[in-house]
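Work through the following exercises with the sequence and the model side by side, and try each task before reading its solution.

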Amino acid sequence: MLHLLQPIWTILTAGIAVPVLIHLWHRRPGRVLKISSVQLLAASSVRHARSWRLSEWWLLLLRCLLIILLALLLARPVWRKPITARNTKGWVIVEKAAYPAFSQRIDSLLGAGFQLHAADTSFTLLHHPSALPPDTTALSYWQLLQMLPQKIPADLPVYLFTGNRLARFEGTKPAVALALHWYTTTPADSVDNWNGYTYLLDSDSLRILKGHSTPTGTTWQIQDTLQQGDTAALYCTIYTDKYAADARYLEAALQAVQQYTHRKIKIQIIRHPDALPAKQDWLWWLSDSPLPANTRAVRSIRYASGIAQPLTAWIAGSTIPLYKRLPVKDTAGVLWKDSYGVPLLTQQTLYIHLDPSWSELVWSSEFPQRLLDLMFPAIVDKSHDRRMIDAQQLEQPSIQPAAKVASIPQEETSLENITWILLFLIFCMERYFSFKSNKKKCITVTGIRNW
């Protein structure tokens, strides 16, 4: 059955009205008869006969087909047919990197009548293993598994051949009713060593965090060296005018972060705007006054303005109570929320004060931890992760399919290539008949004038 993935483009078929109107407006030149008795008279204007008779219907049909095929091409036509066990003995879904490890098993399954499919979101039907596309998709294997029941019936055998890298098994494992046989292989690049990060310590030495990942696990090693690099100290400036207690709470939390990480962090409290450094890495603007426009800082966080509103809530992800909050005006880049999902901290604005009368955050041991995550967020780089998944985690629970299937899985075949070919052929035919028609008109007009 024909289906259109982008049916909105079918509105272009209304364009067939243009060639229809052109062909209906038929103009044919009148015959010019020269008579000897009036040859010396002034020539009168040549009149044309008009009629609403449909002309050149074959050419009109080709032009209408051109418009229809163009609209069909933009609508992305596909042919869908129900998949039943009678169409094929089963599916073989293969990643290109996994084929060499299971080539004999895969070839025997294909020889037994199984269909070969790529491990992509469309499960593209392939005719030979040499047509396997490169493994460029980063989609989780669990997501691919969740898509399978929409493509095949539950009683159709499926053989899945993929890698076993743990980073690709992200998210919640789906429970699907499939006759699934899953085989995994360890990729060739199963060991990786890299430098996680490098920063300057308060002892003027460098700390390097090195990572080592294998299929059995990932380990980290800290190495301190006296070799200097391009890493400089981190300068943090706290400005306040009337919230001196807030500044002291923040300074103590930043010192805790410095003691834990041993990073070289320079912390200073400023009480007058003119004393602000020319440049700093972090600027905490604990004031109701607006941030000066000429302030230079890599990252700045300021108190929001407005009248404090009483609140009974908690900081999301903790049991820290909240008592007051300022009106929320900026919701871009939310970093902290309350238990109702309302922002407390965005990329540039803090909607609570660092004071016990606003919340108990400053009394909590989570305060330095939240600052650590804010200033030095963990870098999640899955490209170095070489851990493999346990084979037992791939086993699917025994789930009986529903007595009545809500929707029958269908096989989808793209018709875009066929549409392109038809469009080209119709265009060539239209050009041929148009040239032939123009040539015939020229011969007719020339004959009438010479008559």
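**Exercise 1. Find the residues that ring pairs join into a cluster, then examine two further ring pairs.**

Solution. Start with the cluster, in which Phe102, Phe114, Tyr159, Phe161 and Tyr183 are linked by ring pairs; rings of Phe, Tyr and Trp (its six-membered ring) pair if their centres lie within 6.5 Å, and planes under 30 degrees apart count as stacked, over 60 as edge-to-face and the rest as tilted. This is a predicted model, in which local features need pLDDT of at least 70 and side-chain atom pairs count only at pLDDT 80 or more, while totals for chains, interfaces and linings use all residues. Residues are numbered from 1 along each chain as its sequence is written, and side-chain values use heavy atoms, with hydrogens and water left out.

Next, note that the structure holds 16 aromatic pairs. In one of these, the ring centres of Tyr243 and Tyr303 are 5.8 Å apart with the planes at 75°, so the pair is edge-to-face. Tyr243 lies in the loop between strand S13 (234-240) and helix H5 (244-261), and Tyr303 in strand S16 (residues 297-303), so this pair ties together parts that are 60 residues apart in sequence; helices (H or I, at least four residues) and strands (E, at least two) are DSSP runs, numbered from the N terminus. Both Tyr243 and Tyr303 are buried, where buried means under 20% relative accessible area, exposed over 50%, and partly exposed in between (1.4 Å probe, protein chains only).

Then turn to Tyr249 and Trp363, whose ring centres are 5.7 Å apart with planes at 75°, so this pair is also edge-to-face. Tyr249 is in helix H5 and Trp363 in the loop between strand S21 (349-350) and helix H6 (366-375), 114 residues apart. Tyr249 is partly exposed because its relative accessibility is 25%, whereas Trp363, at 61%, is exposed.

**Exercise 2. Work out the strand order of the open sheet and identify its edges.**

Solution. Five strands form this sheet in the order S7-S6-S5-S8-S9, with mixed pairing; two strands pair if DSSP finds at least two bridges between them. Strands S7 (125-126) and S9 (179-185) are at the edges, each with a single partner strand, so one side of each is left without a neighbour in the sheet. Finally, follow S5 (residues 91-94) and S6 (residues 115-118), which pair in the parallel sense over four bridges, and find Ala118 in S6 as the bridge partner of Val94.
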